[in-house]
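Q: I am new to this structure. Please take me closely through one chain, starting from where its parts touch each other.

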Amino acid sequence: MMSRIGWLLPDRRIAGVISVSAAIFFLAFSGKFTPPRDALNFIEASEIRQHLNFLASDSLKGRNTPSPELNLAAHYIADRFKEYGLTPVNGNYFQTFHVSRVRLGKENHFTLIKNGKSTEYRIKRDYMPMDVTGSKAVEGDLVFVGYGITAPEYQYDDYANVDVSGKIVLILRHEPGEKDPQSSFEGRKLSPYGQVKMKVQNAIDHGAVGALIVTDPLNHRAIRPRGFPWPSLFPNLPDEAIPLTLSITEKQKIPVVGISKKVVRALFGSVDSLRRLQERIDADLKPQSCLLAGIRVQLQTSTVGEDEATQNVVGWIEGRDRNLKNEVVVFGAHYDHVGVMKNAAAGVDSIYNGADDNASGTSLLLALAAAFGRSPVKPRRSVLFIAFAGEEKGLFGSRAYVEKPLFPLENTVAMLNFDMVGRNAPDTVMVGGVTHSPDLIRINEQENRFVGLKLAYSLEPFYARSDQYNFGRHQIPYLFYSTGLHEDYHKVTDHAYKINEYKIAMIAKLAFRVGWRVANSGERLRFVEKKK
Amino acid sequence: MQGKMWFSVLMLGLILMWGSQSMAGGKYKLAYKFNKGDQLRYKIETSMENVQERMGQEIQINIDGESVMLLQGEGRDEDGNVKFLFSIESVKSHIQSPMGDTTVVNPPELLGKRKRMILSELGKRIKVEEVDTLVLTGLMAQVGGQQNSLQFPVLTKESVGVGSSWTAAEVDSQVNRGMKVHIRPTTTYTVEAEVDTLGYKCLRIRYKGTVKMTGEGQQMGMKIVLDGDGENGGVLYFAPKEGRLVYVDTASDIDMNVALTGQMNMTMPSTIATRAKMVLLK
């Protein structure tokens with residue numbers, strides 16, 4: 001369409017300007033992207049109120065993951081999806097995944113073989129299995145990999161010149177310049193690269209079969225084998241305090257232990273030697289990674305856990321465009337909360353109803369599903385609705401989805417997430433995505449001219465705290481809608497009567513417009529990696 | 001985050017308490033004296049680094065503090081125990097956490113509020129009672145809670161001189177904001193030398209020890225369990241004639257695990273490294 005207008009005009013420069021303007025006009029305001037009025041009318045506050053009252057009712061006992069009451073909520077959502085005309089994915093409205101409470105098993109061993117001489121170390125005193133450890137026994141050469149970081153945006157890679165495939169790696173905690181406000185990472189604030197979980201994943205990605213984690217001595221005095229305080233080793237700690245883990249990640253795990261000063265001395269002669277090595281890395285950000293010659297490591301950790309099933313609820317509408325229907329726009333909200341208070345006194349409210357967190361977002365999701373499903377006109381791209389379980393346990397539902405996506409992630413053009421959308425000022429919504437999703441932010445602002453909400457942009461620090469994070473990790477542009485924290489956050493007083501369903505309806509109308517436009521536009525939106 | 005902050009401050013209090021449990025004397029009998037009318041001012045400098053992991057995310061909280069504490073002697077009770085009032089005259093704490101930096105300077109609700117302590121001659125705490133009503137909330141409640149933690153090294157009843165050594169293992173319990181905490185330090189003291197320090201004839205005593213901490217309580221509907229252990233060491237100067245501490249320099253490394261059950265199940269391992277200096281002001 002752009003080039004055809006240009007050819008009809010005599011002056012190419014004018015034609016160019018007009019054609020670009022026309023493109024912008026059509027992109028933003030043409031009838032093609034205008035949502036069907038009928039569809040918007042399907043978003044009703046009264047229906048949102050019904051969803052809220054059910055999902056946040058005492059009978060659902062706080063929708064803990066996993067629990068029979070969460071399953072009831074799942075069936076309620078699936079029934080609504082069906083009622084609104086959404087199609088089950090692969091014949092099923094439920095995407096089942098498993099969670100488990102992992103405990104330390106009995107077989108845990110750590111031996112260093114240095115120049116042929118073996119030294120076996122004692123668990124808890126000399127080494128401690130970490131929470132990310134796997135159930136495996138491995139043996140291999142030991143490679144020092146500095147901080148164990150691969151960070152292209154900082155032009156830093158501890159693995160640049162070493163091959164760790166089939167080997168065990170020794171990793172320093174934290175990151176270069178940890179105490180330096182001017183550090184090339186994020187100053188004194190620990191970047192995600194400094195987190196052990198990310199270092200271990202990076203080691204696995206590079207083919208390492210085991211990892212030893214040591215506190216970096218340059219910035220920390222206490223070189224202790226801090227791992228995970230497994231109740232079998234700390235009998236005072238209650239077994240029920242062990243957090244749930246997502247079972248699908250268990251098979252990928254490798255043995256990972258924190259090590260003590262004693263082990264550092266055995267490897268380097270002294271803690272000072274390791275400190276000097278760290279100083280050299282920090283001095284010019286040049287990795288000092290190397291094979292520790294003459295040293296082999298035997299490492300075994302064992303874990304046990306029983307899987308329990310839970311589920312995301314999914315429904316979709318196939319796009320009407322032959323070419324674009326293989327691409328999908330995802331709308332998501334978590335429907336779980338944190339259950340009931342244990343050992344509460346008789347007569348005291350003990351149910352965490354989670355009306356705002358996140359019956360509100362789930363009700364909004366259902367309102368969107370109703371609008372898309374009941375609309376006689378369908379979008380060009382497909383749209384997928386996901387109610388996530390296990391968000392409160394660590395974003396499990398969205399993690400499970402991106403690990404085993406129902407539609408290819410490379411064809412997922414955007415994700416809109418709703419978490420806590422029913423409280424605070426009646427006309428204001430906070431929107432996250434400024435850092436990574438500037439195109440979506442722009443579209444959201446343009447569409448909001450038809451809705452009139454006040455938009456606030458203070459959600460960036462909460463990026464990793466709701467389900468959009470797992471889509472962002474896969475470079476999928478996202479928007480995160482929330483109306484923010486309040487005094488009832490994670491309290492038994494988070495009741496349905498405190499929720500403003502009219503506000504939820506307004507946010508739903510905005511999200512519908514944004515989603516409709518993204519689902520109909522030929523444009524692929526950008527995901528912007530964070531840069532210094 | 002506020003939860004993590006109070007925990008850190010609580011730990012600082014406990015560690016200071018434990019860190020200061022260490023002193024002794026020469027061919028001397030060692031005993032604390034708080035004669036009526038004695039006024040002792042101590043300057044206390046502390047720095048603490050708490051590295052904590054929560055659901056796989058590491059969080060660091062650093063607290064640097066400087067305070068002046070006043071101890072006013074009240075003589076002895078009918079059982080021969082020593083009595084004194086103690087209060088904070090000034091305090092400045094700088095807290096660094098992922099939520100940002102905070103500096104607390106001389107909070108009026110804390111300054112000058114007195115408590116009375118009754119202590120055995122050898123340093124065993126018998127009783128602490130509030131003299132001035134202390135109404136503290138939030139972070140200040142924890143800073144103020146440290147006053148309860150003020151404790152003294154348990155001395156030996158044997159006469160000691162240079163080269164003498166003894167081991168003290170004293171169990172102590174504290175209750176703070178619904179948490180009951182038991183501390184079991186085992187500390188070995190060695191008298192190294194007789195020295196003149198800050199105008200006092202002192203015994204320089206080197207000490208090294210271990211500690212085990214356990215605790216439990218309820219907060220915000222959740223059960224909280226503490227389990228930790230660690231080691232410390234340092235040097236202290238005790239003036240046997242006057243029966244008072246003159247200088248303490250202590251460092252400790254503690255692994256502390258916190259388990260929460262209730263609306264969330266969570267176990268948070270942490271390592272707490274502390275350095276503290278206490279000096280008697282003229």
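A: Start at the meeting of two domains in chain A. There, 10 residues of domain 1 of chain A are in contact with six residues of domain 2 of chain A. On the domain 1 side, strand S1 (94-101) and helix H10 (396-403) of chain A each supply at least two residues. That side of domain 1 divides into four nonpolar, two polar and four charged residues. Keep in mind that this is a predicted model.

Now the bounds. Domain 1 of chain A covers 36-100 + 307-520, and domain 2 covers 103-304. Their centres, taken over C-alpha atoms, are separated by 37 Å.

Next comes a sheet in chain A. Eight strands make up this open sheet, in the order S4-S3-S13-S6-S9-S10-S12-S5. The pairing is mixed. Strand S4 (117-120) and strand S5 (127-129) of chain A are the edge strands, and each pairs on one side only. On average, neighbouring strands of the sheet are turned by 30 degrees against each other, direction ignored. As a general point, strands of a sheet pair through backbone hydrogen bonds, either parallel or antiparallel.

Follow the pairs one by one. Strand S3 (residues 109-114) of chain A pairs with S13(A) in the antiparallel sense, over six bridges. Ile113(A) has Arg296(A) as its bridge partner in S13(A). Strand S13 (residues 290-301) of chain A also runs antiparallel to strand S6 (residues 136-144) of chain A, and eight bridges join the two. Here Gly140(A) has Val297(A) as its bridge partner in S13(A). In S9(A), Val169(A) is the bridge partner of Val143(A).

Move on to helix H13 (residues 501-520) of chain A, which has 20 residues.

Is Asp494(A) buried or exposed? Asp494(A) is buried, because 29 other C-beta atoms lie within 10 Å and 20 or more are enough to count as buried. Which residues does Asp494(A) touch, leaving aside its neighbours within four places in sequence? Asp494(A) is in contact with Tyr352(A), Asn353(A), Gly354(A), Ala355(A), Asp356(A), Asp357(A), Asp488(A) and Tyr489(A). Thr435(A) lies elsewhere: 59 residues from Asp494(A) in sequence and 30 Å away in space, C-alpha to C-alpha.

Finally, look across to the other chain. In all, 25 residues of chain B are in contact with 29 residues of chain A. On the chain B side, the elements giving two or more residues are strand S2 (57-76), strand S11 (222-239), strand S12 (244-261) and strand S13 (266-281) of chain B. S12(B) gives the most, with six residues. The residues on this side of chain B divide into eight nonpolar, 12 polar and five charged.

Notes: Residues are numbered from 1 along each chain as its sequence is written. Chains are lettered from A and ligands numbered from 1 in the order in which they are written. This is a predicted model: local features need pLDDT of at least 70, side-chain atom pairs count only at pLDDT 80 or more; totals for chains, interfaces and linings use all residues. Two residues are in contact if their C-beta atoms, placed from the backbone, lie within 7 Å. Helices (H or I, at least four residues) and strands (E, at least two) are DSSP runs, numbered from the N terminus. Ala, Val, Leu, Ile, Met, Phe, Trp, Tyr, Cys and Pro count as nonpolar, Asp, Glu, Lys and Arg as charged, and the others, Gly among them, as polar. The expected span of a helix is 1.5 Å times one less than its number of residues. Domain bounds come from an automatic or database domain assignment. Two strands pair if DSSP finds at least two bridges between them. Axes are lines fitted to C-alpha atoms, for helices over the stretch in contact, and angles run from 0 to 180 degrees between N-to-C directions. A residue is buried if 20 or more other C-beta atoms lie within 10 Å of its own, exposed if 12 or fewer, and partly exposed in between; C-beta atoms are placed from the backbone.
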